[in-house]
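Take a look at the structure below. The text then walks through one chain, followed by two of the places where chains meet.

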Amino acid sequence: MNALIISAVFGVIMMFTGIFVKQKPVTRNIAIAGVALLLLVNILEMSGIDFFKVHTAGFMLFDRFALLFNSVAFGSTLIYFILSAPDMEKVGHYYADYFALIFFILCGVVLVASFQSLLILFLGIEIISIPLYILTGSNKRNLISNEASLKYFLMGAFSTGIMLMGITLLYGATGTFDTQFMNIETEGTSALVIAGMLLLFFSMAFKVSAVPFHFWTPDVYDGCPTVFTSFMATVVKSAAFVGFIRLFYDAFGSIHDDWKLVAAIITALTLLVGNITAVFQQSVKRMLAYSSISQAGFMLLGLLALNATSKEGIILYATAYSLATIGIFAILLKMNDHSFESFNGFARQQPLLAGVNVIFLLSLAGIPLTAGFLAKFYMLKATLESGDFLWLVILAVIMAAVSVYYYFRLIQAMYFKEGDGNAIEVSPGFKLMLVIVAACLIVLGVFPNLLLNWLYF
Amino acid sequence: MVPVLLILIPLLAGIASFFTGSEKTARFWALLASLFTLLVSILGLTILKDPSYLAFETSWLGSLGSSFSVKLDGMGQILCLLTAISYPIILLATWHTPHKKANNFFGLMLLTQAGLMGVFLAMDALLFYFFWELALIPVYFLCSQWGGERRIAVTFKFFIYTFIGSLLMLVGIIYLYTQTPGNSFAIADFYNINLPTSEQSNIFWLLFIAFAIKMPVFPFHTWQPDTYEQTNYATTMVLSGIMVKMGVFGIIRWLLPVLPAASYAWGDTVSTMAIIGMIYASLIAIRQNDLKRLVAYSSIAHIGLMCVAIFAETESGMQGVMIQMFNHGINIIALWIVVEIIERQFGTRKISELGGLAKKMPVLSILLMIVALANIALPLTNSFIGEFLMFNGIFGSTITKYNVVFMVCAGITIILAAIYTLNMIRRVFYGETNEITANAVDIRENEKWILIAVVALIFIIGVYPQAILNISSETVNEILKEADITPYLIGK
Amino acid sequence: MPINYYIILSLTLFVIGIVGVLTRRNTIIVFMCIEIMLNAVNLLLVAFSKMHHINQVATNPTAGTEAQLFVFFIMVVAAAEVSVGLAIIVMLFRNTHSIDVNFLNRLKH
């Protein structure tokens with residue numbers, strides 16, 4: 001509850017900051033302090049110190065899973081602000097408002113991660129989406145940004161409609177919006193429940209961009225100003241996944257056998273399409289957009305398995321994926337153009353940045369000793385524990401090997417190809433932060449329990 | 001303590017090496033570290049033999065049932081010794097080869113060594129997988145950055161190949177893990193798994209493909225000649241001398257004892273694949289004009305024989321594999337040293353462009369002659385005893401019906417090996433000199449002494465193989481006991 | 001009246017909305033179709049609310065009210081969405097002088 005209220009308050013504070021504070025660094029520092037405060041109060045809440053004792057009337061449930069994910073989301077946002085906030089200046093004039101919108105999105109993230117009633121899920125998804133439509137279109141004079149924004153908006157509104165119909169049908173069958181008390185029978189499930197569940201499944205698949213509902217993703221991620229793509233592809237996407245898992249864990253866990261196959265097929269398609277299309281991309285930004293689809297495929301494995309391991313796995317995956325992607329985007333933002341060629345000879349110019357970039361890419365590809373490996377490992381383990389999906393696991397690892405192809409292309413460009421690249425200037429603070437992120441990835445890759453123990457103690 | 005040191009010394013030295021300055025410092029630093037590792041390895045064989053020194057275990061990833069558990073058993077001793085001996089040899093032999101960004105080069109080399117040591121020492125499946133990859137990543141950078149013109153594409157192929165293999169192995173490992181009683185990755189628990197044969201078969205292939213790609217066995221070998229050809233010599237020596245042993249080692253430690261029924265069921269198939277590969281590789285080697293590719297194909301043939309001997313599952317065959325793993329490593333490194341000397345002097349590796357070197361380079365020709373004879377397993381050389389034991393094992397195998405066929409086919413490849421090796425020597429070292437070879441000078445001091453040391457090793461092991469056989473005999477018996485298939489046969 | 005009629009009516013409206021979104025080219029019309037979808041949901045929610053109320057009123061006098069609350073939330077959110085959506089459309093119109101969805105194909109290189 002702490003984080004929810006404070007993030008809403010900070011959203012408003014940032015809007016006023018836009019009026020009263022003219023210096024951009026000050027605005028930025030207020031925002032960074034705000035996220036740091038959010039992270040702090042959330043950790044306090046995990047240790048049992050709750051400032052706002054609000055009775056949520058069964059609408060929300062702040063369990064360890066939700067709180068831990070909130071911490072991960074706030075931590076990633078903090079890192080994102082420190083690394084990339086200066087780059088938001090280039091997007092448009094309304095600097096403080098961007099931060100305000102991001103704080104509102106964080107508010108939605110908290111709702112989605114800790115909902116118990118479907119009403120809160122719906123509100124959370126909308127509170128995330130509406131500011132994102134604005135951020136996507138924030139580069140107002142740029143046609144591509146306009147287009148991405150409109151496309152995102154239409155797709156988002158459409159999938160919300162589908163989700164609402166799902167919720168309604170479910171309500172018609174069960175008489176409640178509370179996911180804990182739906183009591184869906186294993187035998188003789190009514191048609192309304194099945195239809196409602198499928199609609200919810202599809203709309204959530206839209207939000208996490210699972211194939212075949214992914215077609216908006218590459219265009220929107222590509223058109224969106226890069227600095228916001230970074231946020232959208234990481235924190236927002238992980239939040240949608242956490243909501244997805246929570247919904248299906250609580251409401252539809254009892255009829256797992258009925259939807260397992262659908263989930264398996266969608267997972268397989270997502271892995272296949274995401275990875276194979278990513279291979280053919282010429283721009284790093286677009287490659288990362290497809291890579292976000294393929295990583296979603298791995299996270300879907302956690303949904304498919306639906307056991308304790310998959311809950312741990314999704315937290316670890318969200319962390320590993322968010323940190324690595326935010327890091328790569330931060331470096332990408334400093335480049336003049338986003339093609340693979342622009343990274344040629346990067347290692348000679350910026351050995352340190354190239355080095356940490358390699359760690360990010362290795363983590364995304366799932367090489368041991370990085371958090372990305374253990375994240376994938378948890379997902380595979382969860383799937384194998386749930387039984388009879390050996391074929392999917394084998395497909396997943398083969399696709400992981402395909403993903404090496406496009407991640408390592410960047411490494412090849414940086415290290416083994418000669419070229420001037422583009423000369424970039426970065427501050428020592430930026431470098432230090434990236435090194436810290438890379439160190440986090442490696443530490444989590446060796447001792448994942450530093451993070452996962454928070455789920456239990 | 002000893003196994004931890006064996007991993008930590010190269011690991012830390014490797015990381016430190018990235019921060020050293022000049023090429024010379026980096027070189028000395030790497031040599032120092034590798035000599036120190038060798039010292040520890042020898043101490044582990046001689047003075048610190050007490051089991052408490054040779055094993056180490058501490059908790060790590062407790063919730064997953066994995067622990068940091070390393071142990072030096074007989075097979076581990078042999079392979080760690082091979083790794084430890086090879087590194088100083090490689091570093092000294094390439095002492096005069098210039099490397100751009102030498103600190104990175106030697107750093108990555110040492111990291112590879114740490115990964116290799118870890119693979120040979122790990123007693124926990126997840127740890128094994130970690131080190132397996134840790135050995136691969138630095139090699140990717142080594143091969144991509146230092147080597148021939150096509151190195152980037154070729155290395156990428158190699159990397160993707162091995163990465164697919166290792167991921168499949170990961171699936172197999174996790175599957176086995178879910179079958180252990182208390183969900184554990186410890187090797188002892190893996191040995192106790194009793195799966196039905198059909199399930200074992202699926203897992204068998206998941207694991208075997210990873211090992212087969214690494215060795216490489218016949219249909220999975222296509223990455224190897226290209227990679228050896230394009231890579232710089234020091235890395236090639238590591239790849240062919242030590243890294244291919246990872247595959248052999250993996251089969252012996254993680255495949256046979258864990259999945260005995262499937263190993264029995266598929267043993268003949270695997271042996272057939274290996275035999276096909278041996279004959280095929282030998283035939284290609286005969287027609288090869290490029291020295292590097294010739295050695296590469298000859299390596300495929302040798303490894304194939306080891307594969308057949310392993311699946312014969314006899315004590316003598318297994319002992320032969322143990323000693324041959326060591327010998328093959330030493331011999332092939334010596335061959336690479338010679339090829340490097342030739343390429344550095346004449347700027348070509350084409351056999352057809354060389355000739356008459358014996359007159360100009362007498363020392364090199366004598367040393368090469370001995371190494372080459374060891375490569376075709378002449379008596380008194382180290383390989384003789386290894387191959388003899390392996391043939392003996394294959395012939396005496398009770399586990400396959402086709403042992404005579406396998407032995408005859410493998411015997412043919414020995415003859416083929418003699419043909420291509422002696423032919424190569426004849427064309428390169430004898431005959432007339434031409435304008436390329438006319439101004440040849442004999443080898444440098446460091447190369448001479450290194451080759452002499454290797455030749456000495458070849459003879460010592462050839463005359464007194466018992467030294468190595470004693471180390472490994474206990475492990476061999478243990479593994480054969482675990483791999484025993486009688487319980488499964490009674491079940492039928 | 002049996003609940004089935006309401007379900008059929010709402011689903012019909014909903015499908016009309018979906019078909020409209022997928023086939024129409026004018027952004028404003030697409031937008032209207034999304035609104036039709038939302039309103040179909042509202043209608044169905046109210047109908048279900050009444051149904052659950054009648055069924056359970058004996059044990060729980062407030063049964064079914066939460067669905068009507070939900071309707072208000074949907075209306076509020078839809079309003080918010082409309083304001084942002086129209087702003088985006090206006091922005092696009094300023095840049096291109098068109099509100100045709102076909103325009104959206106530019107991003108696919």
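Predicted model: local features only at pLDDT ≥ 70, side-chain atom pairs only at ≥ 80, totals over all residues.

Chain C holds three helices and zero strands. Its pattern along the sequence is α-α-α. The radius of gyration of chain C is 18 Å, whereas the globule rule gives 13 Å for 109 residues, so chain C is more spread out than a compact globule. Along the principal axes, its C-alpha atoms fill a box of roughly 60 × 25 × 20 Å. Burial can be read off too: 30% of the 109 residues of chain C count as buried.

Now turn to where chain C meets chain A. Chain C brings 34 residues to this contact, and chain A brings 31 residues. On the side of chain C, the elements that give two or more residues are α1 (3-23), α2 (27-56) and α3 (65-96). Of these, α3(C) gives the most, with 16 residues. By class, this side of chain C has 24 nonpolar, six polar and four charged residues.

Next comes the contact between chain A and chain B. Here 20 residues of chain A touch 20 residues of chain B. Which elements of chain A give two or more residues to this side? They are α15 (371-386) and α16 (390-415). The most come from α16(A), which gives eleven residues. By class, the side of chain A that touches chain B divides into 16 nonpolar, two polar and two charged residues.

Key:
Residues numbered from 1 in each chain as written. Chains lettered and ligands numbered in written order. Contact = placed C-beta atoms within 7 Å. Helix = DSSP H or I, 4+ residues; strand = E, 2+ residues; numbered from the N terminus. Nonpolar A, V, L, I, M, F, W, Y, C, P; charged D, E, K, R; others polar. Rg over C-alpha atoms; globule rule 2.2 N^0.38 Å. Buried ≥ 20, exposed ≤ 12 C-beta atoms within 10 Å, placed from the backbone.
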